[in-house]
Amino acid sequence: MENMNKCIQCTVEQCRYHCKNHDYCSLDTVRIGTHENYPSTDKCTDCLSFSAKSEIL
């Protein structure tokens, strides 16, 4: 099992760092950024550590 970091809660199951069956990230740290010049809501921010899972079917 990946190292579950209980300091970083995450529900993005499509990320390779998401801990299966748990809503936590497996990274030690994450980088948060924005895609807006003047962010005003949570929807304006992004996890820049996101990496899509590569699913093999």
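This is a predicted model: local features need pLDDT of at least 70, side-chain atom pairs count only at pLDDT 80 or more; totals for chains, interfaces and linings use all residues.

**Fold.** I read along the sequence and get the pattern β-β-β-β. My tally for the chain is four strands and zero helices.

How much of the chain is buried? I get 21% of the 57 residues. Then I turned to contacts with a separation of 6 or more: 18% of them join residues 24 or more positions apart.

**Cysteines.** I searched the whole structure for disulfides and found zero. I checked C15 by itself: the nearest cysteine sulfur belongs to C10 and is 6.1 Å away, so with a cut-off of 2.5 Å C15 is in no disulfide. C25 goes the same way in my notes: its nearest cysteine sulfur is also that of C10, at 5.9 Å, and C25 is in no disulfide. Buried or exposed, I wondered about C15? C15 comes out at 6% relative accessibility, so it counts as buried. For C25 I noted a relative accessible area of 6%, and that one is buried as well.

**N5.** I went to strand 1, residues 5–9, where N5 lies. N5 has a relative accessible area of 15%, which puts it under the 20% limit, so I log it as buried. Which backbone atom lies 3.2 Å from a polar atom of the N5 side chain? I found the backbone oxygen of D28 there. Leaving out residues up to four places away in sequence, N5 touches Y24, C25, S26, L27 and D28.

**N21.** Next I looked in the loop between strand 1 and strand 2 (24–25), and N21 is there. Most residues other than glycine have a negative phi. N21 is not a glycine, yet I read a positive phi of about 65° for it. I also checked accessibility: N21 has a relative accessible area of 78%, over the 50% limit, so it is exposed.

**After strand 4.** I then moved to the segment after strand 4 (45–47), where S49 is found. S49 counts as buried, at 17% relative accessibility. What does S49 touch, not counting residues up to four places away in sequence? My list reads Y17, L27, T29, V30 and R31.

S51 has its place in the segment after strand 4 too. With neighbours within four places in sequence set aside, I have S51 in contact with Q14, C15, R16 and Y17. Y17 is in the S49 list and in the S51 list. I also took one C-alpha distance: S51 and E36 are 15 residues apart along the chain, and their C-alpha atoms are separated by 21 Å.

**Largest pocket.** Last entry. Rolling a probe the size of a water molecule over the atoms shows where empty space is left. For the largest pocket I get about 190 Å³ of space. I count 14 lining residues, and C10, V12, V30, C47 and F50 lie nearest the centre. How does the lining divide into nonpolar, polar and charged? I have eleven nonpolar residues, three polar and no charged. V30, one of those nearest the pocket centre, is also on my S49 contact list.

Definitions and conventions: Residues are numbered from 1 along each chain as its sequence is written. Side-chain values use heavy atoms; hydrogens and water are left out. Buried means under 20% relative accessible area, exposed over 50%, partly exposed in between (1.4 Å probe, protein chains only). Helices (H or I, at least four residues) and strands (E, at least two) are DSSP runs, numbered from the N terminus. Contact means heavy atoms within 4.5 Å. On a 1 Å grid over the protein atoms alone, a cavity is a set of points where a 1.4 Å probe fits but cannot get out, and a pocket is an open set with protein on both sides within 12 Å along at least five of seven lines; lining residues have an atom within 4 Å of a point. Grid points are joined across faces, edges and corners, and a volume is the space filled by probe spheres set on the points. Ala, Val, Leu, Ile, Met, Phe, Trp, Tyr, Cys and Pro count as nonpolar, Asp, Glu, Lys and Arg as charged, and the others, Gly among them, as polar. A polar contact is a pair of N or O atoms within 3.5 Å; within protein, one must be able to donate a hydrogen and the other to accept it, and residues adjacent in sequence count only if both atoms are side-chain atoms.
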